[in-house]
Amino acid sequence: MKKSSSERIEKRITSSVYVGDGTLRNRIDVSSRYFILEVEIKNPRASCPLPGQFFTIECGGGKEHLLRRPFAVHSIVEWSKEYAVIQFLVEEVGWGTRRLRNIMPGDKIGILGPLGRGFKFFQGNHLLVSGGIGVAPLHFAACYLEERKIDYTFVAGFKSSRSCYSGLEKLEGNVLVFTDDGSAGKKGFASSGAVSAFEQAEYVAVLACGPEPMMREVFQMSSSAGIACQVSLAERMACGVGACRGCVRRGKNRNLCVCKEGPVFDGTDVW
Amino acid sequence: MDLSIELAGIHLRSPIVLASGTAGYAYEYDGIIDFSYVGAVIIKTVTMEPRSGHPEPRIWEVTAGVLNSIGLENIGIDALLSDVVPHVSNLDVPVIASIAAETAKGFARLASRIEEAGVFCALELNISCPNVERGGLEFGVDPKATSAVVSAVRENTSIPVFPKLSSAVTNIREIAEAAYIGGASGLSLINTIPGLAVDVASRRARLGGITGGLSGPAIKPIALKAVWDCYQATGLPIIGGGGVYDVQDVLEFMICGARAVSVGTATFQDPQGAGEIVEALPSCLEELGVDSPSRLVGTLET
């Protein structure tokens, strides 16, 4: 049978995914709740992940804890067809992430990705707004923009200085840190930081990742300023490839399959 | 060792099949799962009209299992035939379709359309989904309704028909016998088991659909008993599964009477797990002193 063009695209996407073992190269504790997993992959063959894309990682739970956990790429240390090193910024929230915090450098971990669709970028000033662990994919986005000499402002909100992610200090762009209690950076939510960022400059695109109320607020701000806002959604996932429909959620007019069509969506598709 | 088996007239190169709902429409896993190991893929249940399914969250991990309330979200038969069939016919693996409807007539109509597509080697009748109000478990808990659905489909199709049974019934033997009388070519079992998970702080259910279906190793002993009961009651060829995780599980299901064994939830942890099971199977069968998988079927000593 003659293959349709849509099928060719589908094949290209799926064959660009790595499935197999990675090796934990390093684990770096960055705060009481956050840590970085640095994973090495030999012969990934897959295409280099883009900001907003994610991997699913096996947590070593055997029969007792079956599901992989999805993590956005935080940065790419190295990527070629023969060898790759990726970093994931992980927040310890439950059994799976606790287990990942306890694996040792040199241990093998099952890894699948890059999966999903990431952020779209444009020429011109970008506004990045993160809340909590939402900082992970936007850190990668910031690095990506820096490499391409594109300007950005990064508003990152955290609960307190204890949960702050210090890696942002290495970024060269305009980074504004907010904490709920004012123990680091300015006092306030990321969304209030976004308000002042909107007052200070003009943007061609807004990228947001964090708690849903925050993303929705940032989307509404962007909409009234006439700027397109992309949001990265999180849902509990099983397959990660669009097969099981487990991570599907209601969007504005239709179902959104977070792992396959997302995790990054135009805000107008969501609300 | 030749791992191939005959299942109600279908030739499978290995007894391992991918369970409905966990393998999507199969092509999503193209390039991730090596289908050359797999005997067949049972694709996601399709209904006459598209269904949007349940609100999120739809997935919750529990000890040794996963609770889901997808709610039979699917693209509907028209889109299945126009969009999925071209993909399916290109995959190097036999594909079994799965259908659900609210009436016996509805099942029969869907079955004819599936057969007309010409690419599906068999039909699974989902009469046991715990996640829909109408057309799900209501058929699978009632022998008369089970028999009516199976015979309505039987009259409209010539491909093998496997009703998928639930173990959440008082007496699964009665249901299996009713399916047999209705003209089932074989049986598929078990579906997920109704379950509930609670968040204490909010006093809310963990799933948007409130209750869901439990799968994974937690349900394996229940599934083994269901397979053994149905094998004894009918002698029909059985696609057995429920919590299959490794080759040991596969052997247990075959001993209890399964000719083919389905891997479902375990695929989420390791998409290549089914292939690894197939690779491990020959030496395990040799150790048991059998020269083909079919010689192990229904050999439980009592």
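The paragraphs below take the chains in turn and then look at single residues.

The coordinates are those of a predicted model. For chain A the mean pLDDT is 91, with 94% of residues at 70 or more. The exception to note is the stretch of residues 1-14 of chain A, where pLDDT stays under 50. The model has 18 contacts beyond four places in sequence for that stretch. Where pLDDT is low, the predicted coordinates should not be read in detail.

Chain A is built from six helices and 16 strands. Its radius of gyration is 18 Å, close to the 18 Å that the globule rule gives for 271 residues, so chain A is as compact as a globular protein of that length. Along the principal axes, the C-alpha atoms of chain A fill a box of roughly 50 × 50 × 35 Å. Of its 271 residues, 56% count as buried. Among the contacts in chain A with a separation of 6 or more, 63% are between residues 24 or more positions apart. Chain A carries 35 positive and 28 negative charges, whose mean positions are 7 Å apart.

Chain B can be described in the same terms. Nine helices and 16 strands make up its secondary structure. A compact globule with 302 residues would have a radius of gyration near 19 Å, and the 18 Å of chain B agrees with that. The C-alpha trace of chain B spans about 50 × 50 × 40 Å along its principal axes. Buried residues come to 62% of the 302 in chain B. Residues 24 or more positions apart account for 71% of the chain B contacts that have a separation of 6 or more. The accessible surface of chain B is about 11000 Å², with 50% belonging to carbon and sulfur atoms. Its side chains include 19 positive and 34 negative ones, and the centres of the two sets lie 9 Å apart.

A:S130 sits in strand 8, residues 126-131 of chain A. Is A:S130 buried or exposed? Its relative accessible area is 0%, and A:S130 is therefore buried, the cut-off being under 20%. Beyond its neighbours within four places in sequence, A:S130 is in contact with residues including A:V135, A:F154, A:A190, A:C209 and A:M214. A:S16 lies 114 residues from A:S130 along the chain, and their C-alpha atoms are separated by 28 Å.

The backbone geometry comes next. Most residues other than glycine have a negative phi, and most peptide bonds are trans. In chain A, a cis peptide bond joins A:G113 and A:P114, with omega about 0 degrees. A:P114 belongs to strand 7, which covers residues 108-115. In chain B, the bond between B:E56 and B:P57 is cis, with omega about -10 degrees. B:P57 is in the loop between strand 4 (40-42) and strand 5 (59-62) of chain B.

Which phi does B:L72 have? Although B:L72 is not a glycine, its phi is positive, about 55 degrees. B:L72 is found in the loop between strand 6 (65-68) and helix 1 (76-88) of chain B, and at 9% relative accessibility B:L72 counts as buried. B:I210, also not a glycine, has a positive phi of about 65 degrees. The loop that holds B:I210 runs between strand 13 (204-205) and strand 14 (211-215) of chain B.

Note on methods: Residues numbered from 1 in each chain as written. Chains lettered and ligands numbered in written order. Predicted model: local features only at pLDDT ≥ 70, side-chain atom pairs only at ≥ 80, totals over all residues. Heavy atoms only, no water. Helix = DSSP H or I, 4+ residues; strand = E, 2+ residues; numbered from the N terminus. Rg over C-alpha atoms; globule rule 2.2 N^0.38 Å. Buried < 20%, exposed > 50% of the residue type's maximum accessible area, 1.4 Å probe, protein only. Contact = heavy atoms within 4.5 Å. Lys, Arg positive; Asp, Glu negative; His and termini not counted. Charge placed at Lys NZ, Arg CZ, Asp CG, Glu CD. pLDDT = per-residue confidence, 0-100. Areas by Shrake-Rupley, 256 points an atom, 1.4 Å probe, with all protein chains shown as cover.
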